[in-house]
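Welcome! Please take a moment to look over the sequence and turn the model around before reading on.

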Amino acid sequence: MPKMQIKRSVTINAPVDKVYSKLNDFNHWTAWSPWLIMDPKATVTVAEDGKSYEWEGERVGSGNMQVINESDNQFIYYDLTFLTPWKSTAKVRFETISKGASTEVHWLMDSSLPFFMFWMKKMMEAFVGMDYERGLAMLKDYVEDGEVHSKLDFKGASNFAGCKYVGVKTVCTIETVGSSMEQDFGKLMAFMADHKELIAGNTFSIYHKWDMVKRNVEYTSGVPLKSVPTNLPAGIISGEIPATEVYTLGHTGPYAHLGNAWSTLYNMQRGKAFKVNKKIHPFETYVNIPGEVPDNELVTEVHFPVK
């Protein structure tokens with residue numbers, strides 16, 4: 001059976017005993033779980049001692065996890081069992097390392113895939129790794145601030161009227177997408193300074209490719225317009241998002257947590273909650289922007305075109 005090994009890390013600005021206490025008691029896990037945020041109707045049963053829990057949900061399947069070994073403020077070992085959508089087991093552990101007033105946290109998993117899924121090994125390692133990254137980011141919020149700054153609003157299906165736009169198309173790495181978008185929107189806003197009367201809605205980004213294995217992204221950041229000016233400067237293109245039905249998921253919180261919305265929609269797509277229109281790429285619109293409101297109040301709507 002093809003083996004999988006995943007490791008992700010984060011530094012949390014809190015002493016190790018505070019971090020450790022959130023990891024060895026499953027009563028805290030529902031607040032920052034990267035899977036349960038996708039399935040708010042899932043049922044979770046935590047043992048009285050907080051050392052094991054069971055879950056069952058339409059999107060997250062079912063299974064259980066329990067602490068099998070731990071050493072205060074150093075490590076915790078878990079046995080993880082998935083019952084659905086397919087049966088499998090994994091060995092999971094956290095390592096916590098005190099760095100004075102902060103704590104270095106490592107989340108690791110050793111598992112394997114069913115033999116018939118050998119071809120998905122790299123993809124599954126990338127997907128689970130992304131889940132771990134999302135989870136550690138929410139754990140950091142939870143420990144440092146007492147709450148996770150990421151809320152999902154399942155808006156459902158609606159009609160998108162379509163729009164013409166000017167934009168900047170970019171290929172970059174996942175690690176640099178934030179800084180790349182900041183530069184792209186800077187170019188667009190500088191161009192639009194003389195064309196403000198043409199702006200016809202909220203800015204957006206269209207995602208053409210998002211490769212978790214190679215960690216590459218291809219996207220277009222754009223501004224919807226009533227009409228497109230002629231003689232566009234170098235580096236700025238024009239295009240159109242056609243009218244289409246979309247499934248929309250709203251997200252409130254910093255852009256660093258937007259993966260929660262995207263992962264949820266991809267999970268729903270795989271679960272056939274809707275059928276995507278592959279001829280139109282998914283996109284996100286920015287209801288407000290940094291500087292107008294605090295980052296924790298940023299509202300982004302992610303749209304998957306559907307049939």
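Val44 belongs to strand β2, and strands and helices here are DSSP runs numbered from the N terminus (E of at least two residues for strands, H or I of at least four for helices). This is a predicted model, in which local features need pLDDT of at least 70 and side-chain atom pairs count only at pLDDT 80 or more, while totals for chains, interfaces and linings use all residues. Residues are numbered from 1 along each chain as its sequence is written, and side-chain values use heavy atoms, with hydrogens and water left out.

**More about Val44**

- Val44 is partly exposed because its relative accessible area is 28%; buried means under 20%, exposed over 50%, and partly exposed in between, using a 1.4 Å probe and protein chains only.
- Ser180 is 136 residues away from Val44 along the chain, and 39 Å separates their C-alpha atoms.

**The whole chain**

- The chain holds five helices and 15 strands.
- Its radius of gyration is 21 Å, close to the 19 Å given by the globule rule for 307 residues, so the chain is as compact as a globular protein of that length. The radius is taken over C-alpha atoms, and the rule is 2.2 Å times the number of residues to the power 0.38.
- Along its principal axes, the C-alpha trace spans about 65 × 45 × 30 Å.
- Of the 307 residues, 48% count as buried.
- Among contacts in the chain with a separation of 6 or more, 66% come from residues 24 or more positions apart.

**The seven-stranded sheet**

- As background, strands of a sheet pair through backbone hydrogen bonds, either parallel or antiparallel.
- Seven strands make an open sheet in the order β1-β7-β6-β5-β4-β3-β2, with antiparallel pairing; two strands pair if DSSP finds at least two bridges between them.
- Which strands are at the edges? They are β1 (3-12) and β2 (43-46), each of which pairs on one side only.
- On average, neighbouring strands of this sheet are turned by 15° against each other, direction ignored. Axes are lines fitted to C-alpha atoms, for helices over the stretch in contact, and angles run from 0 to 180 degrees between N-to-C directions.
- Strands β6 (residues 88-99) and β7 (residues 102-112) run antiparallel and are joined by 10 bridges. Arg93 stands opposite Leu108 in β7.
- Helix α1 (residues 16-23) lies across β1, β4 (61-71), β5 (75-84), β6 and β7, and runs at about 165° to β6.

**The eight-stranded sheet**

- Eight strands form an open sheet with antiparallel pairing, ordered β8-β13-β15-β14-β10-β11-β9-β12.
- Its edge strands are β8 (151-160) and β12, and each pairs on one side only.
- From one strand to the next, the twist averages 30°.
- Four bridges pair β14 (residues 283-286) with β15 (residues 299-306) in the antiparallel sense. Glu284 stands opposite Val302 in β15.
- Helix α4 (residues 177-192) packs on this sheet and touches β9 (163-173), β10 (204-211), β11 and β14, with its direction making about 25° with that of β11.
- Helix α5 (residues 259-270) lies across β8, β10, β13 (244-252), β14 and β15, running at about 20° to β15.

**Backbone details in loops**

- Most residues other than glycine have a negative phi, and most peptide bonds are trans.
- A cis peptide bond, with omega of about 10°, joins Thr84 and Pro85. Pro85 is in the loop between β5 and β6.
- Asn73, in the loop between β4 and β5, has a positive phi near 65°. At 29% relative accessibility, Asn73 counts as partly exposed.
- Asn231 has a positive phi too, about 55°, and lies in the loop between β11 (216-225) and β12 (237-241). Is Asn231 buried or exposed? Asn231 is exposed, because its relative accessible area is 75%.

**Cysteines**

- A disulfide is a covalent bond between the sulfur atoms of two cysteines.
- Counting pairs of cysteine sulfur atoms within 2.5 Å as disulfides, the total is zero.
- Cys163 counts as buried at 14% relative accessibility, and Cys172 counts as buried at 10%.

Key:
Contact means heavy atoms within 4.5 Å.
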